[in-house]
Amino acid sequence: MRSPGSAPTMVRGRVTRARLGDMTMQQAAQILENLSLAAFALLGAIGLREWRRHRGPAAAWAAGAFGVLALVAVAGRFLLEDGDPESPWERKVVVVALVLFPYLLYRFMGSFGRPSPLIARVAGALTLAAVAGALILSRIPAEGEMRSAAASVYAVVVLAQWTFLFTVVTVRLWRGARQHSVLARRRMRLLALASTGMNVAIVLLTLSPADEGSALNVALQALGILAAALFGLGLAPPRLLRLAWRGPAQAALRSAVQDLMSARSREEVAARMLPHAAGVVGARAAALVDGAGRAVGSYSVDGDAHAMGAADAEPLRLPLRSGALLVWIGPYAPYFGQDELELLRSLGVLVDLALDRCDAAEREREFVANAAHELRTPLTTVFGVATTLAEYHDTLGGREAQELLGALRRQSERARFLINNLLDLAQIDRGALLMRRESVPLAAAVRRALEAAPPPDGVRVDVLIDEAATVLGDAGRVEQVIVNLLTNSYRYGGPTIQVEAARRGATTALVVADDGPGIPPELASVLFEPFRRGPDAQGRGSGLGLAICRRLVEAMGGEIAYEANSPSGARFTVRLGRAA
Amino acid sequence: MKPTILVVEDEPDILMLVGLTLERAGFEALRAVSGSEAIEKLREAEPALVILDLRLPDMDGWMVLEEGRRMGRLRNSPVIILSAHASPSTIATAEERGAARYFTKPFRPSELVEEVRELLRAG
């Protein structure tokens with residue numbers, strides 16, 4: 001058995017002696033020596049680069065582990081060979097670095113999930129013993145040297161430390177890989193294989209005879225280089241490999257996109273997309289929540305949607321414009337599955353688009369249902385009067401006939417008003433409305449509006465507008481907006497309505513305010529959407545007035561806003577550009 | 001004596017139309033435009049039948065029905081629901097709560113009156 005001090009040879013690969021006539025093997029060993037130096041130095045650089053890219057504890061531990069390994073390789077090559085053979089410190093530093101490597105790798109593992117207390121204690125104790133031994137031992141024998149009993153015991157401690165830590169790393173990585181996406185799984189298993197390869201190489205090299213030109217030694221050197229290559233591939237797979245391993249995730253993404261296209265409701269979006277979303281990142285469960293945090297839908301790989309709420313699991317949250325996508329991924333996925341998480345992010349953008357589309361379709365369905373519902377009331381009277389007239393026309397008294405005809409006129413007018421408003425709305429939405437852009441004197445527009453919609457009995461309108469006040473817009477449409485706001489105030493406001501205008505920078509603000517009860521807060525946010533009316537608005541108006549106001553004002557380049565009036569009532573402000 | 005029918009409907013023109021048709025058919029029509037007015041009328045007398053709109057400005061039709069029964073009225077008088085909602089769930093609810101018939105707006109007034117006659121004859 002060689003001393004642990006010879007282990008760096010695998011890393012260092014310096015051939016010091018060779019049997020005569022064994023030149024080929026020696027040459028091979030020479031080449032491998034240079035190769036390993038390059039491989040371990042490169043691995044150290046990769047670890048450092050990954051840490052600079054991704055940061056986080058896992059990347060830091062990995063950078064530390066492979067940095068230390070590179071240090072062993074470089075120091076072993078230049079320090080030990082060229083240094084003073086009698087100086088023990090250089091050798092000690094290399095040995096300490098060598099026992100630190102598996103420990104740092106083990107800590108890298110630990111950053112994904114705490115190992116059991118027993119494992120943690122054994123790992124700590126073995127590493128402490130190995131480091132302390134290196135420092136206490138008077139000198140660590142060089143290769144081929146005879147060793148003291150203490151040195152032999154120390155060699156056993158180091159081998160035990162290496163084997164224990166590498167086994168823990170291998171088993172945890174291999175097992176942990178199960179519940180991960182293909183890319184993450186392959187990367188983790190590469191690292192597991194590399195750990196085992198490294199362990200076998202070091203242990204056999206330490207146990208084998210000190211003949212460095214032998215076939216076994218050369219094979220073990222090659223195994224070390226292979227392990228370094230596997231570490232490198234697992235740590236930072238090259239682009240081509242990533243692309244190949246991302247295949248299944250990309251296929252899941254494609255299916256998700258196809259299914260998203262045909263989803264008609266938010267629930268359908270969730271039901272169709274979630275299984276694919278889980279597939280993309282290898283999650284065991286996924287859920288879609290709306291802006292208020294309510295679940296729109298959820299999916300679980302084992303079919304039990306409740307299991308995802310399990311206490312052990314904190315999901316990864318991918319914010320969307322309209323809520324969030326939650327995925328319950330394995331602990332290693334954020335580090336090893338970054339590529340797939342990227343894919344999931346691009347899916348998130350498409351989910352947002354699909355949700356927007358569903359919301360628009362839903363609004364349209366709701367609009368049609370509301371419009372039909374609104375038309376039902378006047379139609380009930382029109383239909384009822386028509387059939388009554390048809391059935392009883394010869395026996396109806398004059399007063400009854402008058403009543404029926406009055407109702408017929410009122411309700412036909414109501415239906416006509418509603419239909420006109422619906423058509424207006426459709427035209428504005430299509431952008432088909434012809435808008436003139438002219439200087440509109442506000443005081444005159446308000447006068448005309450008051451003529452078209454005079455206040456009912458018991459309601460007073462105070463107009464405080466400077467004759468010089470103007471806005472830029474379409475005179476007819478400005479008047480329509482004022483009529484709608486006045487009518488709204490007549491219906492829901494109090495006995496006094498104030499109409500004012502004020503200059504605000506480059507705009508003129510027209511205010512229609514009343515002293516009624518005001519608008520309930522829950523209605524205020526949806527006030528300008530079609531068919532949103534207060535609970536006591538029964539049968540009054542079409543429910544389209546304010547929606548039309550907003551669209552008209554916006555089409556004229558202005559804006560409309562509601563605020564509560566002080567001390568009570570509603571206050572609508574229309575802001576339009578001012579004529580020069 | 002003419003049987004009394006209570007008509008609860010917040011749309012004045014529909015109320016007029018139903019009342020007029022009932023009176024022509026020989027009934028006495030009591031009119032209410034809100035839930036509270038309907039309860040007031042119920043307090044005064046027990047009608048032979050109630051025609052009830054579900055969407056009222058102050059309360060819904062179900063509350064009128066409940067309050068009426070709590071007052072000891074409407075235990076035997078049939079109730080006809082008049083509603084703009086034609087969803088199967090609303091119709092099922094009406095059946096559960098003991099409504100005798102369900103009319104969806106728009107409806108033919110003469111058919112409504114025919115239904116009233118039939119229910120009273122059966123009662």
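At 44% relative accessibility, A:Arg55 counts as partly exposed, a label for values between buried (under 20% relative accessible area) and exposed (over 50%), found with a 1.4 Å probe on the protein chains only. This residue sits in the loop between α2 and α3 of chain A, where helices (H or I, at least four residues) and strands (E, at least two) are DSSP runs, numbered from the N terminus.

Before going on, please note that this is a predicted model: local features need pLDDT of at least 70, side-chain atom pairs count only at pLDDT 80 or more, and totals for chains, interfaces and linings use all residues. Residues are numbered from 1 along each chain as its sequence is written, chains are lettered from A and ligands numbered from 1 in the order in which they are written, and side-chain values use heavy atoms, with hydrogens and water left out.

Most residues other than glycine have a negative phi, and most peptide bonds are trans. The table gathers some residues that go the other way.

| Site | Backbone value | Loop |
|---|---|---|
| A:Arg55 | positive phi of about 55° | between α2 and α3 of chain A |
| B:Leu74 | positive phi of about 60° | between α3 (61-70) and β4 (79-83) of chain B |

Is B:Leu74 buried or exposed? With 3% relative accessibility, B:Leu74 counts as buried.

**Chain A and its cores**

Chain A has 18 helices and 11 strands, and 49% of its 580 residues count as buried. Taking contacts (heavy atoms within 4.5 Å) between residues of chain A at least 6 apart in sequence, 73% join residues at least 24 apart.

A nonpolar core is a set of buried Ala, Val, Leu, Ile, Met, Phe, Trp, Tyr and Cys residues joined through side-chain atoms within 4.5 Å. The largest has 67 residues, and A:Phe101 and A:Phe336 have the most contacts inside it. Its largest share, 13 residues, comes from α4(A). Beyond its neighbours within four places in sequence, A:Phe336 touches several residues, including A:Phe108, A:Leu173 and A:Met188. A second, separate core of 50 residues includes A:Val446, A:Ile465, A:Leu544 and A:Ile548.

**Strands side by side**

Two strands pair if DSSP finds at least two bridges between them. In chain A, β6 (residues 460-464) runs parallel to β8 (residues 496-504), joined by five bridges, and A:Val463 stands opposite A:Val499. On β8(A) there are also eight bridges to the antiparallel β9 (residues 507-514), with A:Ala501 opposite A:Leu510. β8(A) and β9(A) form a hairpin with two residues between them, and A:Gly505 in the turn has a positive phi of about 60°.

**A charged pocket lining**

On a 1 Å grid over the protein atoms alone, a pocket is an open set of points where a 1.4 Å probe fits, with protein on both sides within 12 Å along at least five of seven lines; lining residues have an atom within 4 Å of a point. The second largest pocket has a volume of about 520 Å³, the space filled by probe spheres set on the points, which are joined across faces, edges and corners. Among its 20 lining residues, those closest to the centre are A:Arg363, A:Glu364, A:Phe367, A:Pro530 and A:Arg551.

Which helix gives the largest share of this lining? The answer is α13(A), with nine residues. The lining divides into eight nonpolar, one polar and 11 charged residues, where Ala, Val, Leu, Ile, Met, Phe, Trp, Tyr, Cys and Pro count as nonpolar, Asp, Glu, Lys and Arg as charged, and the others, Gly among them, as polar.
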